[in-house]
Amino acid sequence: MKAVVIGAGVFGSLIARELTKYDLEVTLIEKNLDVGWGVTKANSAVIHAGYDDPPGSVRAQFCARGNAMYEKLSKELDFEFKRTGSFVVAFNDEELKELERLLKQGEENGVPGLTILERDEIFSMEPNLNPEIKYALYAPTAGITEPWMVAIAAVENALQNGLKLVLGEQVLGFVKMNGRIKKVITDKHEYEVDIVINCAGLHADEIAKMAGAEYVPLHPRKGEYILLDKKLQGLVKRVIFPTPTKISKGILVLPTVDGGILLGPTAEDLPEEMKDRPLTTREGLEKVREFTRKLVPSLDFSLVVKTFSGLRPESPQKDFFIKKSDTVENFVNVMATRSPGLTAAPAVAEYVVEELIQERMRLPLIRKKNFNPLREGIKHYSSLPIEEWKREIEKDPRAGKLVCFCNEVTEKEIVEAIRRGARTLDGVKFRTRAMFGRCQGGFCMARILKILERELNTDMSEIRMKSKNSWVVNGKVRE
């Protein structure tokens, strides 16, 4: 039996991994040149507690459950996850009423440990918050991670268990017969299939239309962000939310897993034709500065490392659309996966395979006896105890050659990233954090290009930054 998953974001990657637990031929198709480069790549990286989702919604069904799965998942797949906890802060008694509503809603959703704190407790835990803050809803189960690493780690583990990964191919259509999809057609190949799972992010509605399946219309909601330098590490220890509005959870201040401070996002609904254009604006970034200063007045904007924006798939019902198609027997939609999509993804992956495919499609899948759930991440040598690092250097001198000085990434880590599938500068970047530091690749990019050229046995002019048309070097470097 053959299954095809379309889209290698966090949903597609985790679903593909879940499918490799069974006796199936699993193919994951991604139009980008690497995994986790769509919606997954640019978001707040928050593992939400689950109090914000309306009881009875699909979001509420999966958020707290997905949150609870991250501890085990991060250990199995060896990616960073920190259960930092979160605050939703209130400046007055009117906003306190909203905190009380969220507390009650969270308890209905099964979120553990929620409590409302007053000033003394708040500032003993987060002394750098605005002194005018009076109350905070504390959610101890909230956390942070790196979304793209969840996807990368899931795919690496799935590859160990037999996954076929197809990158750089765009799905153009389907061959159907008697209400079932028989083939998936891309711009390069055709794939025979018994099950199709649509995880195409912002383009999932277009894929569903091609298949003749039900869908909800999607439009991009843009969020703009500012990343501050690790010099500010510890300024906040938890995810800090303002009191939410009807439009969004608000503009946040939160730590990143590697010690920076992330600010954002804004929430701007864009027309459908802007699905692939996550542009930053002066107005959007100024809004981020203005709103986050209200939460943490001491933010130092002279320490901006980078600004960026991401797009989330929003729909009229503002809820996930996860269901087996009624019109196409072997087609499953996983779409409209807006916030808290990252949090819900592990629980959704289990649900899709166990409930939608096995129960609703009535396909009794056979579990593999030899499935290996463990994946080992790339070793970060500079974080090792010094004596252990010395022993690693004795075994391989490349473990002692720093390429990225900002994040102390060695040549051996770069080579390992290439061995695992990085074929672009961003492929290396997202696997190692090289070029993620304060110089943003200004120092190390040329050196990484040379390593890619050597390891891939190609000319530098063939190497891309991220997309098919993002050449770094124009023309052959040497004949």
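Biologist: How do the residues of the lining of the second largest pocket divide into nonpolar, polar and charged?

Modeller: Keep in mind that this is a predicted model. The lining has five nonpolar residues, four polar and 10 charged.

Biologist: How much space lies in that second largest pocket?

Modeller: About 470 Å³. The pocket is lined by 19 residues, and Glu80, Ile378, His380, Arg431 and Arg433 are the closest to its centre.

Biologist: Which helix gives the largest share of the lining?

Modeller: Helix H11, residues 425-432. Three lining residues come from helix H11.

Biologist: New topic. Where is Thr292 found?

Modeller: In helix H7, which covers residues 282-295.

Biologist: Is Thr292 buried or exposed, and why?

Modeller: Thr292 is buried, because its relative accessible area is 0%, and buried means under 20%.

Biologist: What is Thr292 in contact with, leaving aside neighbours within four places in sequence?

Modeller: Ile251, Leu252, Val253, Leu263, Leu299 and Phe301.

Biologist: And how far apart are Thr292 and Ile240?

Modeller: In sequence, 52 residues. In space, 9.4 Å from C-alpha to C-alpha.

Biologist: Now Asp229. Where is its place?

Modeller: Asp229 sits in the loop between strand S14 (219-228) and strand S15 (239-241).

Biologist: What lies 2.8 Å from a polar atom of the Asp229 side chain?

Modeller: The backbone nitrogen of Lys231. Leaving out residues up to four places away in sequence, Asp229 also touches Gly260, Leu303, Val305 and Arg438.

Notes
Residues numbered from 1 in each chain as written. Predicted model: local features only at pLDDT ≥ 70, side-chain atom pairs only at ≥ 80, totals over all residues. Heavy atoms only, no water. 1 Å grid on protein atoms, 1.4 Å probe; cavity = no way out; pocket = protein on both sides within 12 Å on 5 of 7 lines; lining within 4 Å. Points joined across faces, edges and corners; volume = space filled by probe spheres on them. Helix = DSSP H or I, 4+ residues; strand = E, 2+ residues; numbered from the N terminus. Nonpolar A, V, L, I, M, F, W, Y, C, P; charged D, E, K, R; others polar. Buried < 20%, exposed > 50% of the residue type's maximum accessible area, 1.4 Å probe, protein only. Contact = heavy atoms within 4.5 Å. Polar contact = N/O pair within 3.5 Å; in protein donor to acceptor, adjacent residues only side chain to side chain.
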